[in-house]
Amino acid sequence: MSDHIYKHIQLTGSSSQSSDDAVHAAIERASKTVRGMRWFEVLETRGHIENGRIAHWQVTVNVGFTLEE
C-alpha cells in the first residue's frame, strides 16, 4: 500500500428530497472539477421547515482528495 497525502475541501449540498440527496449533489457537482476525491465526512446537517414538514435539506461535508505527483 502506498502512502497518500490528502487535501480537504468543504462543500455544502442542498436538496428538497433528503439529506442523502444533498450529499450526492455536492459530491457529483465537485467531481466535475476536482480530481482524485477519495472520501467524505458529514460535518453538519441542517434543514428548513414549512408547515410542520421538512421542506429543504442542507448538508456540509468535508471531502478528501489525493494530491497529484
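Residues are numbered from 1 along each chain as its sequence is written, and side-chain values use heavy atoms, with hydrogens and water left out. Because the model is predicted, local features need pLDDT of at least 70 and side-chain atom pairs count only at pLDDT 80 or more, whereas totals for chains, interfaces and linings use all residues.

Three strands form an open sheet in the order S1-S3-S2, with antiparallel pairing; strands (E, at least two residues) and helices (H or I, at least four residues) are DSSP runs, numbered from the N terminus, and two strands pair if DSSP finds at least two bridges between them. Strand S1 (6-15) and strand S2 (37-50) are the edge strands, each of which pairs on one side only. From one strand to the next, the twist averages 15°, where axes are lines fitted to C-alpha atoms, for helices over the stretch in contact, and angles run from 0 to 180 degrees between N-to-C directions. Strands of a sheet pair through backbone hydrogen bonds, either parallel or antiparallel.

Between S1 and strand S3 (residues 53-66), the antiparallel pairing extends over 10 bridges, and Gly 13 stands opposite Val 59 in S3. S2 and S3, which also run antiparallel, are joined by 12 bridges, with Val 42 opposite Val 61 in S3. S2 and S3 form a hairpin with two residues between them, and Asn 51 in the turn has a positive phi of about 55°.

Helix H1 (residues 19-30) lies across S1, S2 and S3 and runs at about 130° to S1. Asp 20, which is found in helix H1, counts as exposed because its relative accessibility is 52%; buried means under 20% relative accessible area, exposed over 50%, and partly exposed in between (1.4 Å probe, protein chains only). Asp 20 and Gln 58 are 38 residues apart in sequence, while their C-alpha atoms are 9.8 Å apart in space.

Ser 15 lies in strand S1 and, at 10% relative accessibility, counts as buried. Leaving aside neighbours within four places in sequence, Ser 15 is in contact (heavy atoms within 4.5 Å) with Asp 21, Ala 22, His 56 and Trp 57. A polar atom of the side chain of Ser 15 lies 2.8 Å from the backbone nitrogen of Gln 17, and a polar atom of that side chain lies 3.4 Å from the backbone nitrogen of Ser 18.

A search of the whole structure finds one aromatic pair, for which rings of Phe, Tyr and Trp (its six-membered ring) must have centres within 6.5 Å, with planes under 30 degrees apart counted as stacked, over 60 as edge-to-face and the rest as tilted. Tyr 6 and Trp 39 form this edge-to-face pair, at 6.3 Å centre to centre and 70° between the planes. The pair links distant parts of the chain, with Tyr 6 in strand S1 and Trp 39 in strand S2, 33 residues apart. Tyr 6 is partly exposed at 34% relative accessible area, and Trp 39 is partly exposed at 28%.

A search of the whole structure also finds one salt bridge, defined as a side-chain nitrogen of Lys or Arg within 4 Å of a carboxyl oxygen of Asp or Glu. This salt bridge joins Glu 44 and Arg 46, whose closest N and O atoms are 2.1 Å apart. Glu 44 counts as partly exposed at 40% relative accessibility, and Arg 46 is partly exposed with a relative accessible area of 30%.

Definitions and conventions: A polar contact is a pair of N or O atoms within 3.5 Å; within protein, one must be able to donate a hydrogen and the other to accept it, and residues adjacent in sequence count only if both atoms are side-chain atoms.
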